[in-house]
Amino acid sequence: MKQDRSGKASKVIGRKVLRPRQQVEETIREAILSNELQPGEMLPPEAELARQFNVSRTTLREALRTLTSQHLITKVPGARGGNFVQSVDYRLLGAVMSESVENLLALGTVEFDEVADARQLLEVPSVQLAAVNRGEEELKRLQEIVERQKTASVDDPEIPELDRAFHTLIARAAGNRVLASLVEALHHATEPVHYLELSPEVGRETVLQHQRILRAIEQQDPAAGEEAIIEHLTYLRKHITTHQAAERDGASSTP
C-alpha cells in the first residue's frame, strides 16, 4: 500500500503497460509454462495468431523470434512446418547456458579462465556429492565409460562424447539436476578438444585421472574425489592455456 497526499493508504492497482510485442511474448510464454500449450504442440498459424492478438504479422514475428531465442519454441520450415513448443525441463537450462557461454567466449566478453574457474567451483562439490549419493546403475555406467576410454585412441571421434558423458553423469549422480545442467554446459565450453589436439601422453594421463575420480566415487570417499577432480581440472587447464599462449605467439609473429 502507498500513501496519498493526505497521508492515507492508497491501493495499488496499476500495472506496467506492455508494448504489443511484449504482450504477445508474455501471453505465449505463460501458456507454455502453465502447460496450456504442451511440448511438441504446434502453435496456430502466424496469420491466425496475428488476428487473435490483433497485431501486425511483423509484430507477431518479432515476438516469436524472441521466444525462439529463449528456446521456448522452435520453427520448423516446410509445408508441414510451423512454430512448435519445445520441451521445457532441466536439460533446457544446460543448452541455453552452453550456447550463451560459447558466444561470450567467442566475442571475448569473458575470459577462458573465468569459465574454467566456474567449472571447477561446480565440479568439485559435484564429485563430492556423487561419492555420497551415487547409485549402482550410475556407477556401472561410469565404469563402462572409463573402460571405453582406456581402449580408445586419442583421435577416436568418440572421445569428446565419452569425456562429456563422464563429467555429466557424475553431476547427475550428485542428485541435483540444476547442477548437472550447469556442469554439462561449462564442460562443453572448456573441453580440451575445442582447444588442442590431444597427444597420446595427455590422453593416457587424462584416463588415469578419470580412473582416480571413479575410484573415489566407487569407495564413496568425498575427500579423495575432491583431490582427484582438482588434479584433473588443473592438469587440463595447464595444457589448454599453454596451447592458447602458443597460438597467440604464433599469430603475433606472422607477418
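**Entry 1: helix α1**

I began with helix α1, residues 20–33, whose 14 residues reach 20 Å from the first C-alpha to the last, close to the 20 Å expected at 1.5 Å a residue. The expected span is 1.5 Å times one less than the number of residues, and I took helices (H or I, at least four residues) and strands (E, at least two) as DSSP runs numbered from the N terminus. I note that this is a predicted model, in which local features need pLDDT of at least 70 and side-chain atom pairs count only at pLDDT 80 or more, while totals for chains, interfaces and linings use all residues. Residues are numbered from 1 along each chain as its sequence is written, and side-chain values use heavy atoms, with hydrogens and water left out.

Which residues of α1 are buried? I found Val24, Glu25, Ile28, Arg29, Ala31 and Ile32, where buried means under 20% relative accessible area, exposed over 50% and partly exposed in between, with a 1.4 Å probe and protein chains only. An α-helix has 3.6 residues a turn, so residues three or four places apart point the same way. The face turned away from the buried side carries the exposed residues Glu30 and Leu33.

I then looked up what covers the buried residues of α1, and the cover includes α2 (46–53), α3 (57–69), β3 (73–76) and β4 (82–85). Just after α1, Asn35 takes a positive phi of about 70 degrees.

**Entry 2: Val55**

Val55 lies in the loop between α2 and α3, and it counts as buried because its relative accessibility is 18%. Val55 touches Pro20, Val24, Ala50 and Leu60, leaving aside residues up to four places away in sequence; contact means heavy atoms within 4.5 Å. Val55 and Val24 are 31 residues apart in sequence, and their C-alpha atoms are 8.8 Å apart in space.

Not counting residues up to four places away in sequence, Arg119 touches His167, Leu186, His187, Thr190 and Leu233.

**Entry 3: two helix pairs**

I found α5 and α7 packed at an angle of about 60 degrees, with their axes 7 Å apart; axes are lines fitted to C-alpha atoms, for helices over the stretch in contact, and angles run from 0 to 180 degrees between N-to-C directions. The two helices are therefore oblique to each other, given that angles under 35 degrees count as roughly parallel, over 145 as roughly antiparallel, 65 to 115 as roughly perpendicular and the rest as oblique. On the α5 side the meeting residues include Arg119, Glu123 and Ser126, and on the α7 side they include His167 and Ile170.

The axes of α7 (residues 159–173) and α9 (residues 200–218) come within 12 Å and cross at roughly 25 degrees, and α7 and α9 are therefore roughly parallel. Their contact is made by Asp163, Phe166, His167 and Ile170 of α7 with His210, Ile213 and Ile217 of α9.

**Entry 4: the whole protein**

I counted 10 helices and 4 strands in the protein, and buried residues make up 36% of its 255 residues.
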